[in-house]
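Look at the structure first, then read on.

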Amino acid sequence: MSRPTDLVQGTLDVLILKILALEPMHGWAISQRLAQVSSDVLRASEGALYSALHKLEYEGWIEAEWAPSENNRRAKYYSLTRRGRKQLERETANWTRLSAAITHVLQLERG
Amino acid sequence: MARLAPRLSLKLRTFLRGDVVEQELDEEMRYHLDRKIEQLLAQGMAPGDARRAALVAFGGIEVGKEACRDARGFWASVWIERLWQDVQHGIRLLTKSPGFTLIAVLSIAIGVGANAAMFSVADGLIFRPLAVPDPGGLAVVGTTTPIGSVVYGGLSYPEYRDLRERVEGFEGLAATRVVLASLTRSPNEVSQATMGLAVSPDFFDVLRVRPVRGRGFLPVEERAMGGRTAVVVLAHDTWVQHFGADPGVVNSAIRISGVPFTVVGIAPEGFTGTNHYLPSAYYVPMATLPMIDGQVPADFLDRREDGGLDAVGRLKPGVAVERVSERAELLAQALRQQHPGTYDSRRLLVRRESDARAEEFSGLMAMSAMLIGLAAAVLLVACANVAGLLAGRAPARAREIAVRVAIGGNRLRLMRQLITESALLSVCGGALGLGFAEAGIRSFRAFQPVSSVGVRFDFELDFRAVAVGLAMAVTSALLSAVLPAWRITRVRDLSGTLRNTTTPAVRAGRLWGRHGMVAAQIALTLVVLTVALSFYRAFHAEYGQGPGFRVDNVLLTTLNPSLVRYDDAQTDRFYQRLKDRALAIPGVLSVGLTTFVPLNQDGNSNTAIAPEGFRLPTGVDRLSVAAARIDEGYLDTLGIRVMRGRGIAASDTAETTPVALVNQGMAARYWPGESALGKRLRVFGGDGGWVEVVGVVADIKFRLFTPLSTPFLYLPRRQYEQSRATLVVRTRGNALAAAEPLRAAILDTDPNVPTLGTHTMAAFYDANASNINRVVVRTIGAMGAMGLALALAGLYGLTAFAVSRRTHEIGIRMAVGGQPASMLGMVLRQGLWPAVAGLLMGIAASVAVGKLISSVFANTGADIVTFSLVVPAVAIVSVLAAYVPARRAALIDPLVALRQD
């Protein structure tokens with residue numbers, strides 16, 4: 001769980017949780033929203049995205065439901081669970097702390 | 001817990017509805033892909049390019065799916081799919097080296113099969129508990145005989161009552177006594193005697209057996225109350241076989257020994273009473289015994305000196321059987337003072353039922369232990385073999401595995417594949433082993449004594465034994481396949497394995513292990529073969545020169561006129577008339593009567609005697625010898641020669657001087673160096689007077705595993721009347737031809753006298769002597785052969801493995817001028833030293849085992865002749881097993897060998 005390689009994976013997880021915190025969405029919409037809100041800076045490969053979605057579902061942070069999509073096809077909609085919301089809070093706090101610390105360190109080096 | 005629930009349901013769903021999950025996964029991916037294509041098309045891309053670009057962006061649908069599957073955890077539907085892949089891969093690999101697979105599977109099959117068969121046989125012979133709930137809580141009461149030996153049973157009814165009322169520790173104590181009586185539905189049916197049990201009313205309660213129909217016995221049925229106690233519970237088999245499973249039998253009347261009884265219940269299926277070997281056909285209250293057995297006095301329930309009862313009790317939970325036994329002994333002391341004379345030196349003891357059975361049938365117990373021991377040895381050899389074979393392959397596979405790890409193969413996955421492979425071997429071997437076991441058990445079903453009262457052995461394949469054998473095989477296969485594989489898959493070893501162009505070096509310790517294993521295999525094989533051969537020789541010595549009496553053209557019929565309540569005079573008249581009628585049958589040469597047929601296995605034929613002038617051990621006033629009560633025609637009919645003096649004469653009757661004949665062995669034992677003629681001996685059980693020896697007859701084989709010269713006593717049946725007797729008829733041609741006329745003669749003499757079975761002496765001898773001989777020798781011999789074959793395969797494998805590992809080295813040696821002969825010697829030496837070590841260990845172990853066995857079965861220890869046959873045989877075979885691959889080494893073409901790899 002705490003391997004350093006999890007950092008990128010973990011980041012994607014938080015981003016997905018955050019996007020789903022706004023409204024339930026299917027995989028395609030999530031990928032579009034991710035590209036859009038990060039101004040194309042963050043782009044996850046489709047494989048990694050779906051793998052992360054299934055992992056989050058497995059962890060019980062999000063749940064899935066089949067519903068008709070905007071183009072009238074059946075799509076799998078993911079939504080945040082109560083435990084997912086808590087996880088998001090935890091991760092957000094962690095991230096804020098971590099980025100503050102890194103920013104602090106980087107500023108130290110400059111000075 | 002809260003965390004677990006959604007995961008579990010997801011996993012469960014994935015596992016149970018794998019097809020649906022796969023479908024959904026597919027749909028989800030397809031949806032994404034379609035939207036991507038739409039997007040690209042909207043950007044102006046050509047349809048074909050859009051599709052290709054979308055797929056590329058996705059990184060392949062299958063990869064995506066695989067990642068999702070992985071995210072769902074290890075035991076999703078994927079698990080089964082991968083297992084199937086592993087199985088397919090395993091099958092491919094195993095079929096690629098059929099020799100290896102065949103030997104490994106056969107080894108496991110033989111080991112598991114031999115073990116399961118032998119355990120099942122031992123279970124049927126001795127270990128299987130009685131078919132009652134909680135058989136472990138049962139205990140039986142034993143007494144000591146005047147000779148000092150312990151018998152289980154032999155109680156009188158008052159003694160049983162005293163035990164039940166005055167000994168603490170039993171939840172309940174029931175009394176039983178074997179009855180032999182005819183069972184018919186109507187008075188004019190032909191009667192055939194069947195075995196039943198007369199029991200105390202609490203019998204079914206103590207055994208916790210509930211009749212499946214009707215009821216058991218009531219407490220009031222302990223005492224005869226007119227005809228009201230004439231009730232019977234039928235065994236399930238009897239109900240089905242004699243009464244066609246007719247439910248209307250309950251509350252109807254049947255006849256036992258011609259006396260009407262009311263059927264009140266049917267015992268459950270599989271319940272055989274208190275004895276496996278003698279299943280009871282019916283159960284009657286003890287009080288009815290005098291009504292159906294003419295030899296039981298009417299007041300026997302109150303007669304302290306009348307024995308013959310067995311007592312089986314259920315111990316209270318937590319009560320030690322030793323405590324109860326002590327209390328029974330205290331009771332015996334009290335009884336000794338209360339009833340002086342009756343209880344001199346008589347003791348009472350209580351043992352667990354299973355212990356008593358093992359003690360009572362110590363011969364069967366010893367045989368069972370030996371068979372299991374041999375089978376365990378075979379299983380060990382088999383496991384060693386499989387381990388050796390797999391370990392031999394491990395280095396060869398090391399590179400394959402290392403390469404797969406290096407290109408990113410999942411280590412766990414690789415391990416799983418190796419485990420699947422070993423499991424495949426084990427499952428195939430186990431399945432084949434089941435077949436072997438069933439075949440072995442079938443051959444043992446022939447091991448049935450011919451008996452007049454329905455003694456039978458019941459052999460069933462025991463699945464616990466199969467499971468144990470299989471577990472051992474799987475464990476050895478796993479350990480030997482997985483341990484090396486685990487080492488190989490560790491990254492640290494990877495570079496070494498890959499860099500090495502030939503197969504990786506095997507550490508010296510490992511080779512030592514393999515050599516040690518082969519040596520142990522050969523040692524064990526030698527032990528098994530030695531035991532097998534010495535048994536064969538012992539049997540051969542026993543039966544090689546025949547039993548000493550006539551076997552061919554003799555017919556046996558056992559009768560018991562006491563079952564129709566004949567008195568002594570009536571019995572004598574009945575037999576005389578029957579003999580006259582039998583002699584009148586065409587082809588009948590002579591007839592005789594005896595109470596004991598040689599090699600008979602049921603019934604106690606022993607008689608207590610005290611030979612005149614022979615010094616008995618201190619504290620003992622009598623000896624027990626095997627005896628038969630015979631008439632004047634018996635010795636002649638069976639061709640047993642009178643060596644000195646005379647035989648039994650028709651004039652030896654109750655009115656004349658009591659006489660006896662002894663065999664040569666008995667004469668030599670009690671009157672060594674003197675003539676036995678005219679000597680006297682006291683025979684207990686009758687009037688206790690002196691009996692004069694008037695003749696010495698030839699020794700015959702009368703019991704299995706006993707020397708010919710074991711003392712045997714013949715008494716004239718008219719002086720020691722016993723109702724039950726076997727009519728021995730000698731015919732001119734095929735004895736069976738006389739069977740039908742003889743039956744007619746019996747019916748003609750008195751249709752009510754039940755026969756206890758008719759068979760030829762040849763069949764009887766075959767079943768009770770040569771058949772056992774054949775089955776046991778064949779079984780042990782087969783195990784010896786299996787052991788040898790397995791050890792051979794092991795040695796061959798070892799040498800072949802060594803050769804394959806050293807091909808490169810041998811090639812170099814040959815290239816620099818090594819001679820084929822010296823190469824042959826080098827490889828052969830390496831293969832043979834474990835064989836030599838194994839032979840030496842085996843000889844030492846065989847001597848030890850031989851001593852153990854000869855302490856149980858006389859004349860069966862390993863001797864010099866056995867060794868001089870077995871040791872060279874194993875040695876020659878070992879040399880051959882090592883020679884074949886060694887020769888291959890000597891023929892190696894250095895050019896080919898060096899180019900290898």
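Helix α22(B) gives the largest share of the lining of the second largest cavity, with 4 residues. Helices (H or I, at least four residues) and strands (E, at least two) are DSSP runs, numbered from the N terminus. The model is a predicted one, in which local features need pLDDT of at least 70 and side-chain atom pairs count only at pLDDT 80 or more, while totals for chains, interfaces and linings use all residues. Residues are numbered from 1 along each chain as its sequence is written, chains are lettered from A and ligands numbered from 1 in the order in which they are written, and side-chain values use heavy atoms, with hydrogens and water left out.

**The cavity**

A cavity is a set of points, on a 1 Å grid over the protein atoms alone, where a 1.4 Å probe fits but cannot get out; lining residues have an atom within 4 Å of a point. Grid points are joined across faces, edges and corners, and a volume is the space filled by probe spheres set on the points. By this rule there are 5 cavities of 30 Å³ or more. The lining has 7 nonpolar, 1 polar and no charged residues.

**A loop residue in chain B**

Ser257(B) lies in the loop between β7 (253-256) and β8 (259-266) of chain B. Ser257(B) is buried (under 20% relative accessible area; exposed is over 50%, partly exposed in between, with a 1.4 Å probe and protein chains only), at a relative accessible area of 10%. From Ser257(B) to Asp293(B) is 36 residues in sequence and 7.8 Å in space, C-alpha to C-alpha.

**Chain A**

The table gives mean pLDDT, the predictor's confidence in each residue, from 0 to 100.

| Part of chain A | Mean pLDDT |
|---|---|
| Chain A | 80 |
| Helix α1 (residues 6-22), lowest | 76 |
| Strand β1 (residues 25-26), highest | 90 |

In helix α2 (residues 27-37) of chain A, the buried residues include Trp28(A), Ile30(A) and Leu34(A). After α2(A) comes Ser39(A), with a positive phi near 50°.

Definitions and conventions. 1 Å grid on protein atoms, 1.4 Å probe; cavity = no way out; pocket = protein on both sides within 12 Å on 5 of 7 lines; lining within 4 Å. Nonpolar A, V, L, I, M, F, W, Y, C, P; charged D, E, K, R; others polar.
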